[in-house]
Amino acid sequence: MANIPTILEISDDFPIATSSPVHSGKVRSAYWLTSNDSRRLVEARGYPASADSQLGILIISDRISAFECLWHGEGDLRGVPGKGAALNAISAHWFDRFRTEGLARSHILEVPHPLVWVVQRAQPIQIEAIARRYITGSMWRAYHAGARDFCGYTLPPGLRAHERLEELVVTPSTKGIIRGIPGVPEADDVNVSRSILRAHWRAFDFRASATSIATSSCYAPALTLSAAISPGQGRIFVDTKFEFGYVHSESGTLEMIYMDEVGTPDSSRIWEGDAYRQGQVVERSKEAFRQALLDLAPDPAVLLDKQRMAERLAFAATTTLPLELMMDVSQNYLGLGREITGSEIRVPEHPRAEILDALAGLGLI
């Protein structure tokens, strides 16, 4: 363990003045700043946000989640070294590229530390969308069971698992429960068609017609991801998830932006290109970690059946993963980060102390 970098496990206990309780998710913690601090930072840092915008500090940990559980490794390793820095760097890279290529900007205003984002709080659209270039995962399982229509796209018969699709397919799904829309089950994470989005766009918290969700908002950046990662790098971008929200620009104009993260091994599926061309699928995203967990589980159904969540949580709490598995994830994420961004990912040696210094520099400690 001596050569393993220090990880950041706890990210929700930093002494930042907030306007509401800190929200701690599986990986990130969100600190929503007071109106005074938000206004001060907008003016002092020259952020492209309206003066009355609420800002937040997102601190990413090195925790690793899968199947809605957190996992730990040998030596009481409560995370994956370098994972947080890699995810932050990859997302920031793609969001910056989208902006410079004339697409929408993101919620990120500044990256004062490898594990910290300053963000503009957005009003989220109740939709996330997966841009898919290959038929695999849940799409393949549904197709194999007989489904042919996917959110308004009709796939031809005779496709094989992991085959490249003739066109990019965007499959929007609900974030949370949307009620009262014919054809949309009142449940989280159910697919919706483009026609339903257009007909009921207000119910999904769009501020204007929802046609853009199925056009440039997903297509252009997804094609950018696919084109940028593959040449000469031996990687295939299989699919990636997008999330959206609304903010006010510095002029007060309402604009739709990208949120959360994008193009990372947590939010995307990435394959080894050389292996794929030889007829094999070798995962480079978190799918490989999920598969390793399924292989370790005495009964894989515990990880797949939501009705057995109590058993799943107990299994995660009492299972110590091999150190080799945790370090394989670390090397994979850091390697992908280097390939995508073109730079080595800086893994903080003293993450907590460094984050406190960065926050102090923003006048938030």
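1. A residue is called buried when its relative accessible area is under 20%. The model discussed here is a predicted one, and Phe67, with a relative accessible area of 15%, is therefore buried by that cut-off. Most residues other than glycine have a negative phi.

2. A second case of the kind is His162, which is not a glycine either and has a positive phi of about 75 degrees. His162 belongs to the loop between β10 (153–154) and β11 (164–174), and with a relative accessibility of 29% it counts as partly exposed.

3. As to the overall fold, the protein chain contains eleven helices and 15 strands. Its radius of gyration is 21 Å, which agrees with the value near 21 Å that a compact globule of 365 residues would have, and the C-alpha atoms fill a box of roughly 60 × 55 × 45 Å along the principal axes.

4. Of the contacts between residues at least 6 apart in sequence, 66% join residues that are at least 24 apart.

5. The accessible surface of the protein chain amounts to about 16300 Å², and carbon and sulfur atoms contribute 50% of that area. The protein chain carries 37 positive and 44 negative charges, and the mean positions of the two sets lie 4 Å apart.

Definitions and conventions: Residues numbered from 1 in each chain as written. Predicted model: local features only at pLDDT ≥ 70, side-chain atom pairs only at ≥ 80, totals over all residues. Heavy atoms only, no water. Buried < 20%, exposed > 50% of the residue type's maximum accessible area, 1.4 Å probe, protein only. Helix = DSSP H or I, 4+ residues; strand = E, 2+ residues; numbered from the N terminus. Rg over C-alpha atoms; globule rule 2.2 N^0.38 Å. Contact = heavy atoms within 4.5 Å. Areas by Shrake-Rupley, 256 points an atom, 1.4 Å probe, with all protein chains shown as cover. Lys, Arg positive; Asp, Glu negative; His and termini not counted. Charge placed at Lys NZ, Arg CZ, Asp CG, Glu CD.
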